[in-house]
Every structure is written in structure tokens, then in C-alpha cells.
Amino acid sequence: MRLFSKKTFAHGVHPPEAKEATAGLAIRRFPFPPSLTIPLSQHIGKPAVPVVREGEEVIRGQLLAEPDGFMSVAMHAPASGIVRRIGLMPSASGKMVPGIYLEPFPGSSQEVPDGAGVDLESATADEIIAGIQAAGIVGLGGAAFPTHVKLKIPEGKRCETLIINGVECEPFLTTDHRVMLEQSDDIFMGIRYLMKLTQAAKCFIGIEANKPDAAQHLQDKLPADLQAEVEVAVLPVKYPQGAEKMLITALTGHEVPSGGLPIEVGAVVVNVATTAEIGRLLPVGQGIQERVITVTGPAVKKKGNYRILIGTPLRFILDEVGVEDDIARVFMGGPMMGPAVSSLDIPVVKGTSGVTAFTLREGGDTPPKEYPCIRCAYCVDACPIFLNPSQLGLLAKNGEFATMAEEHHLMDCFECGSCSFVCPSHIPLVQHFRVAKAAVRKAKAS
Amino acid sequence: MVSVAKTLQLRTSPHVTSGASVDLIMRHVVWALVPTALFGVYAFGLTAAVTLSAALASCLLAEWLLCKWSEQPSTLSDWSVAVTGLLYGLTLPPGLPVWMTMLGGFIAVGLGKHLFGGLGYNPFNPALVGRAVMQAAFPVGMTTWHAAFGSGRFSSVPSSLFTFPFAAPEYTDALTSATPLAAWKFEHNLAAASDLVMGFTTGSTGETSAVLILLGGAYLAARKMMNWRIPLSIFVTVAVLTFALHLASPEAYPTAPFMLLSGGLMLGAVFMATDMVASPMTTLGVVIYGALIGVLTVTIRLWGGMPEGVMYAILLANAVAPHIDRLVRPTVYGTSGRKA
């Protein structure tokens with residue numbers, strides 16, 4: 001184990017970690033809600049296509065929707081029940097999206113039948129990739145990028161390093177931390193599949209130094225057959241180290257080319273919870289029905305790490321855990337990158353690693369007063385990819401989106417929010433960049 | 001079961017901040033200047049207190065009036081004008097007629113800041129703009145220095161202080177004295193380094209005590225509210241240049257410690273050149289910017305007609321700061337320097 005290595009990426013910030021409330025709490029199963037709303041698109045790419053009808057009874061783990069092409073994944077029934085409706089439903093993005101309304105049977109045993117598993121010994125790379133897609137696995141760290149797509153190594157490229165991302169740099173969240181402590185066998189099984197598939201010579205499990213128990217546990221449990229290739233690497237705590245590019249740089253020293261994929265520097269990065277799901281689901285041929293979610297924040301009474309069914313509405317979750325009277329804001333994920341939700345009818349999805357709720361005491365009634373940019377350069381020293389957020393912010397205010405993209409590398413921004421976090425003028429820089437990026441993409445498409 | 005039926009606030013992420021804010025930074029700059037200002041009052045007496053108060057009051061008044069006239073909400077609460085007012089006062093010779101001080105305060109805030117759009121848009125340090133105009137308009141008043149630690153400094157003020165506007169002030173020779181830089185330039189008298197460090201010399205209200213200025217600077221640097229690379233770059237440049245020149249010709253050029261510690265170099269390097277708005281943003285940029293200020297200061301002091309050149313050096317460097325930023329843009333991650 002590489003303990004307390006100095007290796008990290010340049011720049012970045014140190015937000016309050018706020019993980020102590022839930023880091024020590026074991027994962028517990030959350031109650032099944034009276035109804036589930038399951039979006040057909042819980043991943044980047046094309047929505048899945050329903051294979052069930054309204055009124056149809058389904059059993060837990062049954063295929064609800066199949067992938068539409070390679071850039072898409074399957075969706076399985078999170079619970080045994082009846083499909084009430086297939087139609088539009090609210091989503092975290094604010095738009096109505098197509099989805100399936102499922103009403104779980106209260107009296108069901110909720111047992112998941114096994115399917116045709118993927119045998120580790122005999123399976124080919126393509127069979128493992130197909131198995132991952134069929135299991136509906138996406139990046140559980142929050143990006144929700146279809147995992148099998150990034151594992152498809154393009155012709156002529158080689159994967160040198162497999163990186164298992166257990167950094168969890170987002171404040172408040174402890175799902176990956178608990179999964180590492182409680183599901184090490186699943187993680188190692190997942191690594192076996194991934195090593196076989198990628199043919200990587202080396203595998204790092206990247207963990208930040210604020211989770212020494214998880215690093216020690218994985219080191220202690222490291223099976224004999226993996227000891228030669230797998231290294232548990234402890235990294236200094238810094239946000240956004242969990243971002244794919246930053247983690248690759250921290251561990252290998254390589255920079256992923258602008259606009260390129262990690263495979264171009266011989267690396268593939270998979271989130272640790274995703275790896276655990278691969279290791280858990282592939283041998284038994286099941287699909288994702290649930291995931292571990294940290295329900296936390298000052299407004300939450302019974303904070304914890306819960307195994308929650310995909311499609312459980314936020315309202316049900318917050319009702320179960322209890323909230324403070326002055327609850328004011330709820331976000332999907334943590335406070336650095338998590339979007340605030342406008343409605344509690346929105347369900348948790350595969351990419352939801354946390355539900356964080358703030359009260360009025362955190363930030364008051366209105367956002368802090370915005371001052372003009374004083375060119376303090378805090379953002380310049382924070383940006384992990386060396387943009388000049390100050391200048392981009394001024395251009396964004398003038399609507400010069402094309403200039404931002406063409407001359408100032410706007411499209412390289414991965415919206416970590418470090419610039420907004422440090423800005424003493426409280427300029428919503430990263431929000432300006434989200435808007436600008438959307439405008440540039442739209443202009444390019446038309 | 002408690003039902004969650006609240007109005008949810010929609011804000012954009014990140015939902016946490018570092019706690020830094022403009023008014024906090026400005027307040028800390030003011031705190032960092034307090035020891036220097038108090039020492040000025042101690043060294044020069046009531047005169048300095050009057051000059052500092054007049055400078056501060058005129059800047060605050062100008063900010064308030066300009067906001068009112070332009071129908072903008074008052075920006076007094078961001079504390080930036082307090083920094084400008086205090087810095088401006090500290091660069092003035094104590095004993096400058098109050099009406100001149102106040103006129104300069106209006107010019108600093110009006111011409112130096114609001115004409116360009118207010119906080120964040122001023123290409124030059126507003127306090128120095130005010131001082132530069134005063135230097136051009138009132139060369140005698142701005143270069144008549146009162147001796148520090150005069151015996152009656154807490155019981156009386158020089159008559160020049162309350163001269164009527166546009167009347168020529170009268171100075172009593174007994175009270176005035178030459179600054180170390182002028183003494184060196186025109187009389188070839190080199191002040192002792194220890195006096196310069198402690199501030200036992202003549203000069204502007206706030207420029208004499210190197211040790212207190214550095215203390216304030218260290219406080220701000222520790223709180224990351226000042227980019228320490230700027231003063232460091234200035235000091236290194238001035239020290240290296242002067243050391244080389246002094247080595248070549250000890251008769252013609254002063255020593256490096258004298259150059260570093262005399263005049264407004266300390267105050268300028270630590271509190272003026274570091275004006276966030278008017279200095280570059282990148283690490284390499286601020287090093288170049290500091291070096292430029294150092295070279296210009298040495299050039300003006302040694303070969304120019306004036307004994308002091310820090311003010312013009314900083315203003316010139318302010319002017320090129322945006323160009324420095326454009327020249328030395330850092331390489332964006334994953335681009336190896338390629339364009340987008």
C-alpha cells in the first residue's frame with residue numbers, strides 16, 4: 001500500500017469534508033416506497049426501450065427496458081409489482097422525461113431470481129462487456145456514463161492502467177467509503193472481471209487519506225491472485241481528485257488530451273461502487289435494482305448510508321429519515337456538484353450517490369451578494385485544468401460564448417465548481433460556464 | 001410521518017463556499033494598514049492624523065456622492081474605498097494642506113475608480129492615481145517634508161495644513177527636512193539602514209517604517225489576501241540591480257539595503273503593487289510584473305530627475321498588467337499549449 005503519497009494533481013480546493021456524520025454508519029436497507037418512478041434514461045446516451053406493458057406484473061430484477069444501441073443500458077425492475085403507467089415524469093434536470101411507474105407488491109418476498117451469469121474463467125472480453133451492459137451498469141460515482149462503453153478499448157489502443165476510483169472527494173458523501181469497508185469481496189471480484197477485460201498490467205485503487213480504514217481494509221483483504229497487480233494508493237485529500245482526469249494525473253502523471261478519453265493515455269477509470277456492482281451482479285446474471293446512497297446534510301435527522309431502490313421518490317426518503325422544520329435546499333449528490341431539485345417527486349436514479357439537504361441556516365434566504373470581479377485570481381489558482389475562470393466569467397456575462405470556446409478552452413471545463421467555491425465576489429462562475437457550454441453545443445448542433 | 005411540504009430554494013451548485021468575500025478581504029487590508037498608520041501618527045504627530053483623516057474622509061465622501069449621482073446602490077459597504085482612502089493618505093507628506101489632500105481624494109476615487117466603472121474595473125491603483133495627479137499639480141506641496149519626531153508634534157500643527165484653497169502654503173524651514181532619497185540624490189547623504197527599517201526618517205505618512213509594513217504584508221499573505229510573489233519579485237529585482245550597480249561603482253550608486261528600505265518602495269511593493277484589480281493573475285505574470293516595477297523604480301530613482309519613482313513604476317506596470325496576463329497564459333490541462 002502506498003500510504004500518504006504526495007502524488008496529486010495541481011491546483012484544486014479544500015471544501016469542508018463533513019463526512020464524519022455518516023462515515024461510521026454501516027449500510028442499512030431502506031424501506032420500499034409505495035410507488036417507484038423509474039426514468040428510462042438514467043445514463044448518458046439513448047434512453048432504454050420499455051419491454052413491459054402498462055398493467056403488467058413484474059418480478060424484482062426482471063428486465064423493464066432494453067438498451068437502444070451500444071450507447072445505452074438496460075433497466076430492471078427494482079421491486080416485484082405492477083407497471084401502473086409508462087409516461088412522462090419529473091426529473092432532476094427540471095424537464096419531464098419518459099419513465100415507468102411501478103407499484104411494488106406489499107406482500108411479496110422481493111426475491112431476485114438469478115439469470116445467466118457471466119463466467120469469469122471462460123468469458124471473452126466482448127461477453128463481459130455485453131454482461132455489464134445487460135446488467136444496466138453505469139458510473140455510480142455520479143456521471144452515469146455507461147460503464148461498458150468506456151471499457152470497450154478502441155482498436156490500436158492498449159489499457160496499461162486500470163484505476164478503481166475510491167476517492168469520493170465530494171463533501172458529505174460516504175457511499176464509496178462504506179462500500180469499500182463492507183463489500184471488499186464484490187470489489188475484488190469486479191476487479192478480476194475488469195482486469196480480464198482490459199488486460200491492464202497494473203491496477204490502482206485510489207483512495208483519499210481521509211478514509212484510512214477503507215484503504216487498510218482493502219489492503220488486508222487483497223486476495224493472493226490480485227496481489228501482484230493491484231495497489232491500494234492513498235492520495236492527499238483535495239477536491240476534485242475524484243474527477244477522472246485528475247485521478248489519472250495524480251496516479252500516473254499523464255494528462256488526458258483535451259477532448260480525448262482516458263484510454264489515450266492508457267488508462268481506464270471505474271468507480272469503486274460500480275466495480276462492486278460488476279463483481280456482485282455479473283456472476284449471478286442480475287441487473288441493478290438498488291444502490292447505496294448517503295442521505296445526509298444538516299436538515300436530515302436520521303443521516304445514514306442506505307441501500308435504496310432505484311426510482312424511490314425523494315419525498316419518501318426525506319419522510320422516512322425525518323427533516324428539520326427549516327429545510328430549504330435538497331440536492332442530488334453532494335454540495336459541490338449536486339444540482340438542487342425543484343420537486344421532491346423526483347426519484348433517485350443510478351447516478352445518485354447522495355441526497356443532501358440544507359436548512360435555512362446554511363446560506364440563508366437568498367444567495368450571497370454578488371460583487372464585481374476584483375481579479376483576485378483565487379479561481380485561477382483553484383481551477384484544476386488551468387483555465388482563467390475570471391476572464392471566462394466576464395466573457396460569459398457579455399454572451400461571448402463562441403470566444404470562450406474557441407480561445408479560452410471553455411469546453412474543457414468539467415464543472416467541478418472550484419472557481420465558484422473560492423470566489424470572494426460570489427460570482428456563480430460554474431453556472432455561467434454550464435450555460436455557455438450548452439449554448440455552444442446547441443450552436444454546433446444546428 | 002412528517003410530510004415534507006416546504007418551498008424548496010433553487011440555487012446553483014456549489015452550495016458551499018470558502019467563506020472568502022470582497023468586503024472581508026478589504027477589511028483585512030485595512031487592519032493590516034493600521035499599525036503603519038498609527039506609526040505615522042506617532043512619528044509625525046497631529047499633522048499626520050489630520051492628513052490621514054482628510055484623505056479617508058474625502059475618499060469615502062467621493063464614493064458616496066458618486067454612487068448617489070450615478071443612481072447606484074452605495075458601495076461603501078464593500079470597504080474597498082476605505083483601503084483606497086487609507087493608502088492614499090499614507091502616501092502623502094504630512095502637513096500637506098487639507099484642501100489639497102481632499103481634492104486628491106476626490107480625484108483618486110472619481111478619476112481612478114468610478115470613471116472606469118468602479119470596483120473591479122480600475123486599471124490603475126486608485127490611490128496612486130490620486131497621488132500622481134497631486135504630484136503633477138502641487139509639486140512643492142508634495143515634496144515638502146516634515147521632520148519626523150519633532151518636539152511639538154502633538155501640541156501644534158504647521159500652519160501650512162490649513163492654507164486656504166488655491167493660496168500658496170507657507171512652510172517653516174525649521175520644521176521641514178529632506179527624505180533619505182532626496183538627501184542621497186541631492187546631497188549624497190546615505191541614511192543608516194537601521195533608521196530606515198524602524199522608521200526614524202522623514203517621508204510620507206506611512207512609508208517610513210519598513211518593519212511595520214512588512215508585518216502587515218505578512219499578515220495578509222498568511223491569509224492569502226495578498227500575493228506575496230509581487231513584493232518578493234520587486235524586492236529581488238531592486239536588490240540584484242542595485243547590488244550590481246553598487247559593486248560596479250560604489251561612489252555613484254547607493255547600496256541595495258538603502259534602495260530597498262528608503263522612500264515608498266516598501267509601502268508601494270506590499271500594499272500598492274498588490275492591488276488585486278490592477279495586477280496580473282497568473283504566477284508567472286506577477287513575477288514579470290514585479291520585476292518590471294523593480295526595474296522602473298531603480299531606473300527612475302537613479303537616472304531620472306526625481307528622487308522617487310515607485311509610484312510611476314507601479315502605475316506603468318498596472319497599465320501593462322492585462323497584456324502580461326495575455327502573454328503568459330498557463331497551459332490548459334491536456335492541451336500541451338494547443339489552441340482550443
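Q: Where is Pro240(A) found?
A: Pro240(A) is found in the loop between strand 11 (230-235) and helix 7 (244-252) of chain A; helices (H or I, at least four residues) and strands (E, at least two) are DSSP runs, numbered from the N terminus. This is a predicted model, in which local features need pLDDT of at least 70 and side-chain atom pairs count only at pLDDT 80 or more, whereas totals for chains, interfaces and linings use all residues. Residues are numbered from 1 along each chain as its sequence is written, chains are lettered from A and ligands numbered from 1 in the order in which they are written, and side-chain values use heavy atoms, with hydrogens and water left out.

Q: What is omega for the cis peptide bond that joins Tyr239(A) and Pro240(A)?
A: For the cis bond between Tyr239(A) and Pro240(A), omega is about -5°. Another cis bond runs from Ser13(B) to Pro14(B), with omega near 0°, and Pro14(B) has its place in the segment before helix 1 of chain B.

Q: What is phi of Gln110(A), a residue other than glycine?
A: Phi of Gln110(A) is near 55°, which is a positive value in a residue other than glycine. Most residues other than glycine have a negative phi, and most peptide bonds are trans. Gln110(A) sits in the loop between strand 8 (96-104) and helix 2 (125-134) of chain A.

Q: How many residues of chain B and of chain A are in contact?
A: The count is 46 residues of chain B in contact with 71 residues of chain A, where contact means heavy atoms within 4.5 Å. The area buried between the two chains is about 5,000 Å², of which carbon and sulfur atoms give 59%; buried area is the accessible area (1.4 Å probe) that two parts lose on being put together, summed over both.

Q: Why is the pair of Arg375(A) and Asp325(B) called a salt bridge?
A: A salt bridge is a side-chain nitrogen of Lys or Arg within 4 Å of a carboxyl oxygen of Asp or Glu. The closest N and O atoms of Arg375(A) and Asp325(B) are 3.2 Å apart, so the pair meets the definition.

Q: What makes Glu370(A) and Lys397(A) a salt bridge?
A: Their closest N and O atoms are 2.9 Å apart, and this value lies within the 4 Å limit, so the name applies here too. The pair links distant parts of the chain, 27 residues apart, with Glu370(A) in the loop between strand 16 (354-359) and helix 10 of chain A and Lys397(A) in helix 11 (residues 389-397) of chain A.

Q: Which residues lie nearest the centre of the largest cavity?
A: Met26(B), Val29(B), Val83(B), Asp275(B) and Met276(B) lie nearest the centre, out of 23 lining residues. On a 1 Å grid over the protein atoms alone, a cavity is a set of points where a 1.4 Å probe fits but cannot get out, and a pocket is an open set with protein on both sides within 12 Å along at least five of seven lines, while lining residues have an atom within 4 Å of a point. About 320 Å³ of space lies in the largest cavity, and helix 3 of chain B gives the most to its lining, with 4 residues.

Q: What is the volume of the second largest pocket?
A: The volume of the second largest pocket is about 860 Å³, a volume being the space filled by probe spheres set on grid points that are joined across faces, edges and corners. This pocket is lined by 33 residues, and among those nearest its centre are Asp381(A) and Lys224(B).
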